[in-house]
Amino acid sequence: VSPSDPRRPAPRSRRRARPGPGTAGRLARELADSDPLLAGLVSAAMDAVVVVDDEQRILLFNAAAERMFEAKAGEVLGQPLDRFLPERYRAAHAQQIERFGRGGLTSRRMGALGRVIGLRAGGEEFPAEASISQAEVGGHRLFAAILRDVSERSRSEEALRRQALILDQVHESVVALDLAGVVVFWNQAAERLFEVSREDALGRPMDALLAATNILPGVVAEVVAAVLASGHHEAENEFVSASGRRGYHHTSCSLLRDAAGRPAGVIAVTQDVTERRRTLEAHLEAELRARRAGELAEIATLTAGIAHDVGTPMNTILGYAQMLERSLTDPADRERASIIAEQVRRVARLIRTLLDLARRGDRASAPVDLARVLDDALGFFREKLRRRGIEVERDYAPVPPVLGDADRLQQVFLNLIVNAADAMPDGGVLRVSLASPEPGVVEVRVRDTGEGISEEVLSRVFDPFFTTKPRGQGTGLGLVVSRGIVLDHGGTIEARSEPGGGAEFLIRLPVDGAGGRPSGPASGPT
Amino acid sequence: VGNGLGVLVVDDDPAMCRMLVECLCAAGFDATSAHGVDEALALHRAHGYARIVSDVQLGARDGFALLEEVQAGGPATRVILMSTSGSPTAIRRAERAGAFAFLTKPFDPGELVGLLRA
């Protein structure tokens, strides 16, 4: 028990312990009797009322004071006020009262004295707001103090400060709005996320704070309405901050209610999910790529199976065609047999290409003059292009030879030229260009002036069996095979299009071939 | 047959067999056909061919099995294997097993004639 314990009053106080027949006791009685109405009012007051004389002895102690200080009026009347003040404040308090007494003021309103600290009989200290007034009664200067216990309010204020501090440390932005959409709370994460300081945000409409971003005006009102309707609202949206920072936000909004349970506002917790979303997107893309690779492998297996099955019959046709070519006497017949043999050889080449696609890996490669291969491919379709009214524009920059398989690369260009021609049934311009945008890389572009490729189709042009040509005219394998060949050469192929602006296929090939892939033995004595 | 112009063609596809036999005969060879390994070995024992042209895919006993048996009988016979699969693995295997040549179907019969005359 400390020396200031009120249960052990100082000896000096003990001397004046009882309201006796002295001045203080008389004044107390006079006060109590002076005006019954006033006495009743004081007694019923919600605030504690304590009257002291100029020696700080208690003359009046109402019911609220009894509750506040946990002491009966009968026990304290005539006693010094000190026992209700923590010891450390006693000296200062006495000086304050004296100064107030000397000054001309008759009263100071509640709170003007700032917080005072009271001491209950039980030893507990508590904060109170006080107002004080002074008056002369029967030749004595009396001081009346009205006190209001604010410990409850103080506790809730402290709790609020603590909560605000906690919310400040939350990683997510936490913003509270009233029902009109005005910001009433804004944590530190919100300052970072929205690039608006708390000072600038508090009291302003959320709409105004979002004006510099990509969030449309009216969205805040919509969100408030949605939360009012269902109690909760969640959204993920692309966000462009005032400074141009791009990202994805996930916002979860809940209804705020006041103490009476009435809707009071909305609390919005917003998270920057950009990273999460990018990771997810990358994951999905990888999955998609893996699935496409799997599909391609399946197609390749199927193709290899078919190629094997047709290999023998094709051989029989080729052999007989050659025999007829020699044995027929009519030159026209001999030429017909020759055409059969030539066409079979063409199919045989295609089969070999398909087999190669099915069997990625070692194969012979040699320096390939792409300009010559492109010209050969164009020459193959010269008649067809002319009949369609398609003009061919060649734009060949000098490029180094590319290490690879000329026949297979030609297959790619043939595919692209056929596709371009098919895209321009009513004529147009076929532009074929060759360039070396950087050392070690050669770029081939095949561009048409057809109607272009829609975004949906563009995303699928390299999918197996995807074709936009009428049934029976396209296998849907041309671009798959082409891509396989380009990939085998360590290159890339991509399709670009603007609707109505034609389509362009861009192939990039490294000049050193398939990234140093070892080349195998020549396949058989052909 | 002993004059070096006897050729045995082995393929389970009858049309392919017939075409090759006709082609080779037209080129001056004495060609006969068999449709399986057992039939081929029986004919070879009886006639002792200098040249055998065999498909690889013939069923449980394939062209490699035929090649092995023929090799065991002596180095006098040249065996040319043919297959629809021209994979480097198949080609290397044929080389190691001692095949004289390997042809990927479909091939030009003229090439075969050239190899037989070599």
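With which residue does Glu158(A) form a salt bridge, and how far apart are the closest N and O atoms? The partner is Arg161(A), and the closest N and O atoms are 2.8 Å apart, where a salt bridge is a side-chain nitrogen of Lys or Arg within 4 Å of a carboxyl oxygen of Asp or Glu. The model is a predicted one, in which local features need pLDDT of at least 70 and side-chain atom pairs count only at pLDDT 80 or more, while totals for chains, interfaces and linings use all residues. Residues are numbered from 1 along each chain as its sequence is written, chains are lettered from A and ligands numbered from 1 in the order in which they are written, and side-chain values use heavy atoms, with hydrogens and water left out.

Glu158(A) and Arg161(A) both lie in helix α7 of chain A, 3 residues apart, about one turn of the helix; helices (H or I, at least four residues) and strands (E, at least two) are DSSP runs, numbered from the N terminus. An α-helix has 3.6 residues a turn, so residues three or four places apart point the same way. Helix α7 (residues 151-169) also holds Glu152(A) and Arg155(A), again 3 residues apart, and their side chains meet in a salt bridge of 3.0 Å, N to O. Glu152(A) is exposed, with a relative accessible area of 54%, whereas Arg155(A) counts as partly exposed at 47%; buried means under 20% relative accessible area, exposed over 50%, and partly exposed in between, for a 1.4 Å probe and protein chains only.

Over all chains the count comes to 39 salt bridges. One of them joins Asp108(B) to Arg345(A), with the closest N and O atoms 3.3 Å apart, and this pair crosses between chains, from the loop between β5 and α5 of chain B to helix α13 (residues 331-358) of chain A.

We turn now to the aromatic rings. A pair of aromatic rings is described by the distance of the centres and the angle of the planes. Rings of Phe, Tyr and Trp (its six-membered ring) pair if their centres lie within 6.5 Å, and planes under 30 degrees apart count as stacked, over 60 as edge-to-face and the rest as tilted. The whole structure has 7 aromatic pairs over all chains. The rings of Phe69(A) and Phe84(A) have centres 4.7 Å apart and planes at 45°, so this pair is tilted. Phe69(A) is in helix α4 (residues 63-69) of chain A and Phe84(A) is in the loop between α5 (73-76) and α6 (87-102), so that the pair links distant parts of the chain, 15 residues apart.

In chain B, helix α3 (residues 63-72) has Gly63(B), Phe64(B), Leu66(B), Leu67(B) and Val70(B) as buried residues. These residues cover an arc of only 155° around the axis, which puts them on the same side of α3(B); the arc is that of the directions from the helix axis to the C-beta atoms. On the other side of α3(B), Glu68(B) and Ala72(B) are exposed.

The peptide bond from Lys105(B) to Pro106(B) is cis, with omega near -5°, and Pro106(B) is in the loop between β5 (101-104) and α5 of chain B.
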